[in-house]
Amino acid sequence: MPSSPQRGGCQYDGHRTYAVSKDLNSDLDLEFFASPDGLTDLLQKLSDNEFHNQEELIEMIKRLHLPNYEEARLYLTEAVAQGVFEPNSKPGYPHQGQLLAVRRWTGI
């Protein structure tokens, strides 16, 4: 049974576990976090302020659950500067049409 070498660290028991710091536990796999239950879990952590860096958690949610975001995210600032789309929301929160425009523009 894998366990953390840290005293009082994370212990994996085959079920949902949490780190002492209450941040995300690496024993839960990407497939779980990409699922509807994983999204619910991430949103609960956000709601309960269980994550030390909420912006990092929000970015993880966007990368896992917003179609086209992962592929386009690195080009958003440059795409706006080049006039690929007109931002009409808070920076970093593009809509699907904007993400698709970035993907067309970059060829990804």
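1. Let's begin with confidence. The protein chain has an average pLDDT of 83, and 75% of the residues reach at least 70. Among the helices, helix 1 (residues 30-33) has the lowest confidence, with a mean of 92, while helix 6 (residues 96-106) has the highest, at 98.

2. One stretch calls for some care. Residues 11-22 have a pLDDT below 50, yet this stretch makes 27 contacts in the model beyond near neighbours in sequence. Where pLDDT is low, predicted coordinates should not be read in detail. I would take those contacts of residues 11-22 with that in mind.

3. Now to helix 3, which runs over residues 54-65.

4. Which residues of helix 3 are buried? They are Leu57, Ile58, Ile61 and Lys62. These residues cover an arc of only 140° around the axis, so they lie on the same side of helix 3. The packing partners of the buried residues are helix 2 (36-47) and helix 4 (69-72). Do have a look at Lys62 in the viewer, as this lysine is one of the buried set.

5. Arg63 also belongs to helix 3, but it counts as partly exposed, with a relative accessibility of 35%. Setting aside neighbours within four places in sequence, Arg63 contacts Tyr69, Glu70 and Arg73. Arg63 and Arg73 are 10 residues apart along the chain, and their C-alpha atoms are separated by 8.4 Å.

6. Most residues other than glycine have a negative phi. Asn49, though not a glycine, has a positive phi of about 55°, and Asn68, not a glycine either, has a positive phi of about 75°.

7. Where do these two asparagines sit? Asn49 is in the loop between helix 2 and helix 3, and Asn68 is in the loop between helix 3 and helix 4. Are they buried or exposed? Asn49 is exposed, since its relative accessible area is 55% and the cut-off for exposed is over 50%. Asn68 has a relative accessibility of 15% and therefore counts as buried, the limit for that being under 20%.

How values were computed. Residues are numbered from 1 along each chain as its sequence is written. This is a predicted model: local features need pLDDT of at least 70, side-chain atom pairs count only at pLDDT 80 or more; totals for chains, interfaces and linings use all residues. Side-chain values use heavy atoms; hydrogens and water are left out. Helices (H or I, at least four residues) and strands (E, at least two) are DSSP runs, numbered from the N terminus. The expected span of a helix is 1.5 Å times one less than its number of residues. Buried means under 20% relative accessible area, exposed over 50%, partly exposed in between (1.4 Å probe, protein chains only). The arc is that of the directions from the helix axis to the C-beta atoms. Contact means heavy atoms within 4.5 Å. pLDDT is the predictor's confidence in each residue, from 0 to 100.
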